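Biologist: I would like to learn how to read the packing and pairing in a model. Please take one feature at a time.

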Amino acid sequence: MFANRQSTYGGPEVLEWARVPRPEPGPGQILVAVRAAGVNPTDWKHRAQGVFLNRLPLVLGWDVSGVVEQVGYGVTLFKPGEEVFGMLPYPHGVGSHAEYALGPARAFTHKPSGVGHVQVGALPLAALTAHQALVDTARVGAGQRVLVHAAAGGVGHLGVQIAKAHGAHVIGTASTPKHDFLRELGADEVVDYREVDFAEVVDEVDVVLDPVSGDTRVRSLNLLRPGGVLVSLLPGQDPDEAAKVEESGVRAETMLVEADHEGMRSIADLVERGALRAHVEATFPMDQAAKAHALGEKGHTTGKIVLVAEND
């Protein structure tokens, strides 16, 4: 098969569309013919410096939407020819930016009918991140005030929708040109973080979803009500945070997304209900991953970038 392989760390130019061995599914695994695969910031970070993956050559990609090609021994959830989508186990189960992807059967669920591969191929990693942060970790519920930072980004715009689906009042931070987009997603309030200090115009929140961390995490902690929860996707940098959190009676968590069959089923249910949809800013043929990385690294992408198989 062909895959976007890199033999060294570096810029987008290290990605090459190269022939590699096609894997065979072992016990509990399925082989999926990839129809679409999202590109996430973690992809270009790993491409540049490895992060969690100290191995080369390397094929990146965790998002998968496609058709089951083969099933391994003991798999009962899926049959060849069925359409599925899911996230390969993060971080070590990488490899979806290729013609075929191998992963545990329970990292996937059936693709919602009536929704294309590009749409659901954009969802798994970012949607699971938002779901695990808001639902599993923060236990978001009806009537709560939820602050979503970088709300027009990959995780953020899905987090807005997931919080709304659970009955929350959602406040999103984004630049002014993206405010109408966020309102269309259901955001109740929007704040331009470049024009005002969000910490001066937002207060009394129950949950913060923070893909940014750093100073954003520090200032967000001060906005939480007692019992509130902040979930960051990057570690904090304040050495006094633990003492401040204990004194304030709030929680501060740093989360790493996990492959999750039940989470993927919940996401599929939201899609089928019309409560969750990825905004796809750009698509690229599967063999042009370098161009997709270059666009993503410019920053300020609205929603997601997706690699698409040639005949989709």
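Modeller: Begin with a loop: Pro91 lies in the loop between β6 (83-87) and β7 (100-104). Helices (H or I, at least four residues) and strands (E, at least two) are DSSP runs, numbered from the N terminus. The model is predicted, so local features need pLDDT of at least 70 and side-chain atom pairs count only at pLDDT 80 or more, while totals for chains, interfaces and linings use all residues. Residues are numbered from 1 along each chain as its sequence is written, and side-chain values use heavy atoms, with hydrogens and water left out.

Biologist: Is the peptide bond from Tyr90 to Pro91 cis or trans?

Modeller: The bond from Tyr90 to Pro91 is cis, with omega near 0°. Another cis peptide bond joins Leu56 and Pro57, where omega is about -5°. Pro57 sits in the loop between α1 and β4.

Biologist: How do I describe two packed helices?

Modeller: Two packed helices are described by the angle between their axes and the distance between the axes. Axes are lines fitted to C-alpha atoms, for helices over the stretch in contact, and angles run from 0 to 180 degrees between N-to-C directions. Here, the axes of α3 (residues 124-137) and α4 (residues 154-165) come within 8 Å and cross at roughly 50°. That makes α3 oblique to α4; angles under 35 degrees count as roughly parallel, over 145 as roughly antiparallel, 65 to 115 as roughly perpendicular and the rest as oblique.

Biologist: Which residues of α3 and α4 make the contact?

Modeller: Contact means heavy atoms within 4.5 Å. From α3 the residues include Ala126, Ala130 and Leu134, and from α4 they include Val155, Leu158 and Ile162. The residues of this contact divide into 9 nonpolar, 4 polar and no charged. In that scheme Ala, Val, Leu, Ile, Met, Phe, Trp, Tyr, Cys and Pro count as nonpolar, Asp, Glu, Lys and Arg as charged, and the others, Gly among them, as polar.

Biologist: At what angle do α1 and α10 pack?

Modeller: Helix α1 (residues 41-49) and helix α10 (residues 289-297) pack at about 105°, with their axes 10 Å apart. The two are therefore roughly perpendicular to each other. Asp43, Trp44 and Arg47 of α1 meet His293, Gly296 and Glu297 of α10. The division for α1 with α10 is 1 nonpolar, 2 polar and 3 charged.

Biologist: What is the strand order in the open sheet of 6 strands?

Modeller: Two strands pair if DSSP finds at least two bridges between them. The order is β11-β10-β9-β12-β13-β14, with parallel pairing. β11 (189-191) and β14 (251-254) stand at the edges with a single partner strand each, so one side of each has no neighbour in the sheet. Neighbouring strands are turned by 15° against each other on average, direction ignored. Helix α3 packs on this sheet, touching β9, β12, β13 and β14, and its direction makes about 155° with that of β12.

Biologist: How many strands form the sheet with antiparallel pairing?

Modeller: That open sheet has 3 strands, in the order β2-β1-β4. Strand β1 (residues 2-6) pairs with β2 over 4 bridges, and Phe2 stands opposite Arg19 in β2.

Biologist: Which residue forms a salt bridge with Glu16?

Modeller: Side chains of opposite charge can pair when their charged atoms come close. A salt bridge is a side-chain nitrogen of Lys or Arg within 4 Å of a carboxyl oxygen of Asp or Glu. Glu16 pairs in this way with Arg5, the closest N and O atoms being 3.1 Å apart. The pair links strand β2 to strand β1, 11 residues apart. By this rule the count comes to 15 salt bridges.
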